[in-house]
Amino acid sequence: MVRRGGQVLIRRVWSVVLLSVFGCTAGGDQTVIKLAHGLDPSHSVHRAMVMMAERVVEKSGGTMRIDIYPSEQLGTERQALELLQIGSLGMTKVSAAVLENFAEPYMVLSLPYVFEDDAHKWAVLEGPIGRDLLRSAESSRLLGLCFYDAGSRSFYTIGRPVQSPADLTGLKIRTQESASAMRMVSALGGSATPIPWGELYTALQQGVVDGAENNPPSFYLSRHYEVARFYSLNEHTGVPDVLLISTIIWNDLTVAEKRWLQEAAEESAQYQKVLWQESTEEALRAVQEAGVQVLRPDKTPFADLLDPMISQYMDNPAVSSLIERIRAAAKEPGGSR
């Protein structure tokens, strides 16, 4: 018993050390949470996080602060998630596609053409379904605070444009480390190749992959357009980003601190939507001016080939009920155009 108690004590002491290095510190009368992510400071999500940090200071009267570290300063996306899980980092941002590795319900957001349009998507994400999803990874010590708009993902390629699914046949397409994303590319005839985001430019440049898929701002800000000269807006998925906090950190906050942080996060999400629209328009204009051929293929052949993917998930109880709820949301007032 003493030995076990000693072990518990050691773990608690080590936890305090980790929190003071990366996660959450209480210096004097101020609580400081560290937030790290992999995006460029010019990205709309980073700018929204800056706004959130400002609002936290305002709401708390200066007793609470968020320090933001962009551009993988504190590690890759995977490393940031691991640090959250042990409480040595406070917050991060990841794609919802990555979170399906921690909580099966997130898979539903990676299904192709699951949303009818943007109105439907936000009715889902900002309603009861979205709130359930944000809490679904708590057992992995990851709590979602809000969704950020990541637009729609489309294919960009090096050697040839993608006008139809047939054009993907035999192409090595980079995907996120997401089973759903890999299944989608395979169903369209491509060869799914998971590669970390920070290594993708070089992989495209060296021909390790023939293309990738992402939204316009990410395609532009990553400078992938310098290598991949064809961008086909088939808009197969609308996977959002998720702002996460370690439950170890969250549970250590006061009721007031939780309220300030949650309110600031939700306000930043609304602000980011506006920034996202602006950055999407800017990105498409900029890549075309740089000589990229932007195509708008018929989405129907893509959707028809990918429809069986949704049927396959109907055997998974963690996902099937969410699919039905999402479909029902499209029929509700305000759920779709």
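Predicted model: local features only at pLDDT ≥ 70, side-chain atom pairs only at ≥ 80, totals over all residues.
Trainee: Is Thr 237 buried or exposed?
Mentor: Buried. Its relative accessible area is 6%, and the cut-off for buried is under 20%.
Trainee: Switching to holes. How many cavities of 30 Å³ or more are there?
Mentor: The count is 1. The largest cavity holds about 60 Å³ of space.
Trainee: Which residues line the largest cavity?
Mentor: Thr 237 is one of them. Ser 110, Arg 153, Met 184 and Glu 213 are also in the lining.
Trainee: How does the lining of the largest cavity divide by type?
Mentor: Into 4 nonpolar, 4 polar and 2 charged residues.
Trainee: What about the second largest pocket?
Mentor: Its volume is about 520 Å³. Of its 25 lining residues, the closest to the centre are Asp 118, Lys 121, Gly 151, Ser 152 and Glu 235.
Trainee: Which elements give two or more residues there?
Mentor: H5, strand S10 (230-237) and helix H11 (255-289). H11 has the largest share, 5 residues. By type, the lining of the second largest pocket has 9 nonpolar, 8 polar and 8 charged residues.
Trainee: Let's go back to Glu 235. What is its phi?
Mentor: It is positive, about 50°, although Glu 235 is not a glycine. Most residues other than glycine have a negative phi.
Trainee: Where is Glu 235, and how accessible?
Mentor: Glu 235 sits in strand S10. At 32% relative accessibility, Glu 235 is partly exposed.
Trainee: I also flagged Tyr 113. What is the phi there?
Mentor: Positive again, about 55°, and Tyr 113 is not a glycine. Tyr 113 is in the loop between helix H4 (96-99) and H5. It is partly exposed, with a relative accessible area of 24%.
Trainee: Next, the core. How many residues does the largest nonpolar core have?
Mentor: It has 49 residues. Those with the most contacts inside it are Tyr 106, Val 108, Leu 109, Leu 111 and Phe 147. H13 gives the most to this core, with 5 residues.
Trainee: What is Leu 109 in contact with, leaving aside neighbours within four places?
Mentor: Ala 96, Phe 115, Leu 125, Leu 133, Phe 147, Val 239 and Pro 240. Apart from this core lies another, of 26 residues, among them Met 49, Ala 53, Val 56 and Leu 243.
Trainee: Tell me about H13. How many residues, and how far does it reach?
Mentor: Helix H13 (residues 317-331) has 15 residues. From first C-alpha to last it reaches 22 Å, close to the expected 21 Å.
Trainee: Which residues of H13 are buried?
Mentor: Val 319, Ser 320, Leu 322, Ile 323, Ile 326, Ala 329 and Ala 330.
Trainee: Why do residues three or four places apart point the same way in an α-helix?
Mentor: An α-helix has 3.6 residues a turn, so residues at that spacing point the same way.
Trainee: What do the buried residues of H13 pack against?
Mentor: Helix H5 (118-125), helix H6 (128-135) and helix H12 (300-312).
Trainee: Last one: Ala 269. Buried or exposed?
Mentor: Buried, with a relative accessible area of 6%. Ala 269 lies in helix H11. Not counting residues up to four places away in sequence, Ala 269 touches Cys 146, Phe 147 and Tyr 148.

Methods. Residues numbered from 1 in each chain as written. Heavy atoms only, no water. Helix = DSSP H or I, 4+ residues; strand = E, 2+ residues; numbered from the N terminus. Expected span 1.5 Å × (residues − 1). Buried < 20%, exposed > 50% of the residue type's maximum accessible area, 1.4 Å probe, protein only. Contact = heavy atoms within 4.5 Å. 1 Å grid on protein atoms, 1.4 Å probe; cavity = no way out; pocket = protein on both sides within 12 Å on 5 of 7 lines; lining within 4 Å. Points joined across faces, edges and corners; volume = space filled by probe spheres on them. Nonpolar A, V, L, I, M, F, W, Y, C, P; charged D, E, K, R; others polar. Core = buried A, V, L, I, M, F, W, Y, C linked by side-chain atoms within 4.5 Å.
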